[in-house]
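Here's a quick briefing on the charged side chains in this model.

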Amino acid sequence: MTRKINYKADEQDITVTLNDFIKFCNFIDKKKPVLSKRKVSLGKNDLFELNAKLNFRKDFSAPNYQQESYPIIDLMFKLAVSGKLYRKVGDPKGNVYLETTTGKTEFDALNSFEKYCFLLETFWTQYDFMEIIRWGNNPIQEIVETLAKSPYGQQLKKGSFSGRANYDPAYSYNSIIIQYFSYLGICTFIPILYEFNKRKTYDDIIEEVIPTEFGVNICKILTEQKITDWNIPWLEIHGYYNDEEEKENEPEIVPLFKYFVPMFPEGVLSNTVNDETKKLAIGRFTFKVSLESKVWRKIRLSSKHSLGDLHLAIQDAFEFDNDHLYSFFMDGKRYSKNAYHSPFSDEGPYAYDAIIGELELYLGQKILYLFDYGDSWQFAIQLMKIEEDELLPETPEVIEIIGDAPEQYESYDDFEEDEE
C-alpha cells in the first residue's frame, strides 16, 4: 500500500519537463529529420538546432557532437520511441525517419498531468537503465530512496547517496541518473565547471543535488514501486518475461500511473496512452545479406517465417554447414541485448520464436548476423523491400546472387601450402 501523500502537484512542477518534450515532438513532426545511418539517431546538425530550443540545453558552440552527448535529447528520443509515440520507418533509399503513431494522437489528447505521468511511467517501465549504469547493483533505487528521505531544498553533497564521502557514483559516472531526474522535475543540481578538456572520465561533474518538494513525494511512491518490479528491460535481463506462457498467466497489473493519483489534483489522472499491440505485417520481406561489398545474396521470406528460417536460408545461400551457434543483433551492434539467438544457446530469446511479421521491422533496417562465435562470420543484413499483401512464399527464396561464397573452413591443401 502506498504511503499517505499530503503534497498536491501543480502545473508549475511539470511545465518545464513537458515544454521541452513538446518542443522535441514539434521538431520531429515539422522537420522530419533523417536519422544517422550508423546509430539510427538524430544527426549532429539536427541535435544542435534542437538543443538551442530547449530549457535543458547543453552549452555547445558548434554541431560537433552525437546524440549521447545531449543527455536530455537522448532521453526524450528514447521515451518517444519506447513509449510508442513514434516508430522508425525507412524509405527505398535507406533513409530512416521517426513517424507518429496512434499513440502520439492519444498523447496529444491527454491533459498536462496525464502527459507527465505517461512520460514518468515510460521512463520507469521501459527505459533500459543497463545502458547507463556502469557499476553497482541498483544505483537508481539507491538514489530514489535517498531523495525520498531528504528534506526538499536540502543541498545533498557527495556521499549522500553512497554513505561514503570520498566515493559517490551519483556525482560522477552515474550522474546521468541525476540529470534525468532533473529533467523530470525530481531534483536540481549544481554542476562542477571545468576548463575546456580538463575533466577526466571519472571525475565528479556534480557538486550538489537539491531535491524538489515534488520530487521528494514522487520518490516516496517510487521507493515502494521498485524499479526491479516494474522495469521490463531489467526484468528481462534477470530472467523474467522470457517465457510467453508465464506472461499470459500473470495477473493483470494496475498501471503505474494509478499509484501517482494521491499526489495530483483530484480527477486529473484518468487516461493514458494505450500500449499498441504488435500487429502482424502480412507480406514478403526481402533481405540483402552481405559478407563484403561484392559478395552478397538477396533472400525473400514470408512474414510468417522466423529469424530461424532466415538463418537456414543464409546457410544454404552461402553453402555453410550450419554447425555452430549464431545470433541476430537487431540494432546491428555486436553483443547488444537487442538480439535473438540459436535455440541451442544458453539464453533466449530464440530466433525460431521471432516471427518476421511481428518484429516491427522498418525498410532499410540493418541487422548483424553472427555465425560461429569462434571464427566469427559476420553478415550484414539490410531489409530492402516490404511487399504487403503479396503472395507469400512457402519457403525462403534466394532471388539474387553476387560473388562467390568463401570456404567456410580452410581446406587441408590450403593449409599445406601455407606451411610451405
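A salt bridge here is a side-chain nitrogen of Lys or Arg within 4 Å of a carboxyl oxygen of Asp or Glu. By that rule, the count comes to 15 salt bridges. Bear in mind that this is a predicted model, where local features need pLDDT of at least 70, side-chain atom pairs count only at pLDDT 80 or more, and totals for chains, interfaces and linings use all residues. Residues are numbered from 1 along each chain as its sequence is written, and side-chain values use heavy atoms, with hydrogens and water left out.

**A buried pair between strands**

- Arg-284 forms a salt bridge with Glu-387, and their closest N and O atoms are 3.2 Å apart.
- This pair links distant parts of the chain, 103 residues apart: Arg-284 sits in strand 6 (residues 283-292) and Glu-387 in strand 11 (residues 377-388). Strands (E, at least two residues) and helices (H or I, at least four) are DSSP runs, numbered from the N terminus.
- Arg-284 counts as buried because its relative accessibility is 16%, and Glu-387 is buried too, at 18%. The cut-offs are under 20% relative accessible area for buried, over 50% for exposed, and partly exposed in between (1.4 Å probe, protein chains only).

**Partly exposed pairs**

- Lys-39 pairs up with Glu-68 in a salt bridge, with 2.6 Å between the closest N and O atoms.
- Lys-39 is in the loop between helix 1 (11-31) and helix 2 (44-51), while Glu-68 is in the loop between helix 2 and helix 3 (71-82), so the pair ties together parts 29 residues apart in sequence.
- Lys-39 is partly exposed at 28% relative accessibility, as is Glu-68 at 45%.
- Glu-145 forms a salt bridge with Lys-226, the closest N and O atoms being 3.5 Å apart.
- Glu-145 lies in helix 6 (residues 139-149) and Lys-226 in the loop between helix 8 (213-224) and helix 9 (227-230), so this bridge ties together parts 81 residues apart in sequence.
- Relative accessibility is 29% for Glu-145, which counts as partly exposed, and 32% for Lys-226, also partly exposed.

**A buried Glu with no partner**

- Glu-121 lies in helix 5 (residues 112-126).
- Glu-121 is buried but has no salt bridge; the nearest side chain of opposite charge, Lys-258, is 9.5 Å away. For charge, Lys and Arg count as positive and Asp and Glu as negative, with His and the chain ends not counted.
- Leaving aside neighbours within four places in sequence, Glu-121 is in contact (heavy atoms within 4.5 Å) with Gln-126, Pro-255, Leu-256 and Phe-257.
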